Structure formats: C-alpha cells, structure tokens
Amino acid sequence: MTEGEDTPFTLNGKPAVAHPGETVLSVAKRHGIHIPTLCHHDAVAPYGACRLCVVEVSWGKRSKIVTSCIYMPYENDSVETDSARVRRVRAMVLELLWSRHPEVEALRDLAGEYGVEEPRFGADPSEAPNRCILCGMCVRVCAEVVGQHAIGYARRGSERRISTPYGDAAEECIGCAACVFICPTGALHYEDVGGLRLMKELQTEIPLASCRSCGEPFATEQQIARVQERLNLPKEVAETCPRCRGTQHRRAMEKVLVTKRS
C-alpha cells in the first residue's frame, strides 16, 4: 500500500475500506456497527483509556485484541467486533470498572448486556465512592478544545485521580463546564448560585456575566470572551444569552416574512 491510499480489510466478514488515518471504530460507525465506548468523543483525540471498544484482529492463524478507537487497520486484516473472545474481554473490563464504581448506571447497563450480573471483585473499602473512571475526557476537552489546561492527572497507580494543579482552585478554569458536559459517568458537576459558577469537584468559583438583553447571569466573562474569539462573534451577540438570541432571531425572521408578504 502507498501512503495516503485507502486500506482494504474485512470487517465482520464483509469487505471494508479505511480511509487514510481512519481507525476501526470510525469505519465501524460508517457501516452502522455499534462498538461500546466510554472514553471516545469526536471532539477530542482518541485515547484508548476505557478499553471497552476492543475488537479482534486476525491475519492467517494469528489474532490479537486491539482497541478500535486507536487501531488503524492494515491491508487484509480481518476484524471481528463481536466475537466470543471480544465479548469475554469486554465483560472483564466492565466487571473491573463496575466493582470500583458501582454507582455508575452506564457501567451496570453495559455489564448486563455482556452477561455480568455482579462483579466478582470487591471494592477497596478505604476508597470513597466516586464516579470517575479516569477516561480522561475532561482533561482532553479542556486542553484540546478549550485550550486552558485547567485540570490534569494527579498521583499514580490505584490513587490516580483527576485534579486541578496542587488540588487548589484552578486559575486557568474559565467555567465553560465543557468537562462536565463531556463526562460519560456524571463525575463532574457545576452550579450557578448567587452570581457565581461553582465548579464543584474543581473547587473553583468564577463570577458570572449577565445577559445584556434580559440581565440574567448565563456565562462567565472568560467563557464569553473565548467564544467570541473562537467564533468571531460580534460583542453584542456574545454577550447575549442563548434564550434572548433565539428570541431576537425569531423576531427578525418574523419581520422578514411580514415584509415579503406585503
């Protein structure tokens, strides 16, 4: 194969083609084949943290298990997305995650799909219950999409966790809550109270700016500035809340329709 050309391979017994730089997960999506994943999102680079998206790749009499979100197929690979071996590996991954995070509904639901009725491994009694599976989605969206690097990893091994620098309030946080929205397990939360946005797990408070139309607080000043910069919006648009922008757009369209009718 020449670099830059499509790669032919077999996906679940049928011919498939991977475009340059395309992963097995991406090709499977194009073909309508579901592969479970908790750490993948099109907005951020693939990371392969949760290991739920494993598939089996064979060539000749040999085969191996790979993570489909980062594996780019080679010519003549034979990929199975739901083989018995794949299901066993996914069931084990789910069992391990569920045993450590029993309160996460998504893990329980997926475990049931793979025949895991109850994890065999007990949680460490010294650990406080938490919903963070260390998928890194929050860290990546903050760095790659928002461009702030307000959160990262702390400690090692079983004590590894998501944290702000030194565990203090994050000076780099702009309160956009992108980390909250992208989290697949609901481990992060925010709340707007008394003119402040409280990023709870990040121990960070950021003043909210008010909409120039209705006067209600709706976003932080840093967030508004970043959106205005990234989308090249007029200042009056960026400083107007989505509800008022929608109202203004509707009124403008109504005027256009009335003008055309007359």
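Start with Gly147: just after α4, this residue takes a positive phi of about 80°. Helices here are DSSP runs of H or I with at least four residues, strands are runs of E with at least two, and both are numbered from the N terminus. Before going further, note that this is a predicted model, in which local features need pLDDT of at least 70, side-chain atom pairs count only at pLDDT 80 or more, and totals for chains, interfaces and linings use all residues. Residues are numbered from 1 along each chain as its sequence is written, and side-chain values use heavy atoms, with hydrogens and water left out.

Now select α4 (137-146). Because seven of its ten residues are buried, α4 is largely enclosed by the rest of the structure. Buried means under 20% relative accessible area, exposed means over 50%, and partly exposed lies in between, using a 1.4 Å probe and protein chains only. Colour Met137, Cys138, Val139, Arg140, Val141, Cys142 and Val146 to see the buried residues of α4. Then show what covers them, which includes β6 (152-154), β7 (161-163), α5 and α6 (221-231); the covering contacts are heavy atoms within 4.5 Å.

**The cavity**

How many cavities of 30 Å³ or more does a search of the whole structure find? It finds one. A cavity is a set of points, on a 1 Å grid over the protein atoms alone, where a 1.4 Å probe fits but cannot get out, and lining residues have an atom within 4 Å of a point. The largest cavity holds about 90 Å³ of space, where points are joined across faces, edges and corners and the volume is that filled by probe spheres set on them. Select Cys142, Ala150, Cys173, Cys176 and Cys179: of the 16 lining residues, these are the closest to the centre of the largest cavity. The elements giving two or more residues to this lining are α4 and α5 (178-182), and α4 gives the most, with four residues.

Go to His101, in the loop between α2 (84-100) and α3 (105-113). His101 counts as buried because its relative accessibility is 3%. Leaving aside residues up to four places away in sequence, His101 touches Leu107, Asn130, Arg131, Cys132 and Ile133.

Next comes Leu134, in the loop between α3 and α4. Its phi is near 60°, a positive value in a residue other than glycine. Leu134 has 21% relative accessibility, so it counts as partly exposed.

Then pick Tyr166, in the loop between β7 and α5. Tyr166 is not a glycine either, yet has a positive phi of about 65°. Is Tyr166 buried or exposed? At 80% relative accessibility, it counts as exposed.

**Where the domains meet**

Finally, colour domain 1 (7-82) and domain 2 (137-252) of the protein chain; such bounds come from an automatic or database domain assignment. The C-alpha centres of the two domains lie 33 Å apart, and nine residues of domain 1 are in contact with eight residues of domain 2. Between them the domains bury about 710 Å², 63% of it on carbon and sulfur atoms. Select Leu38, Val44 and Tyr47, which supply 61% of the area that domain 1 buries against domain 2, more than any other three residues. Buried area is the accessible area (1.4 Å probe) that two parts lose on being put together, summed over both.

How values were computed:
1 Å grid on protein atoms, 1.4 Å probe; cavity = no way out; pocket = protein on both sides within 12 Å on 5 of 7 lines; lining within 4 Å.
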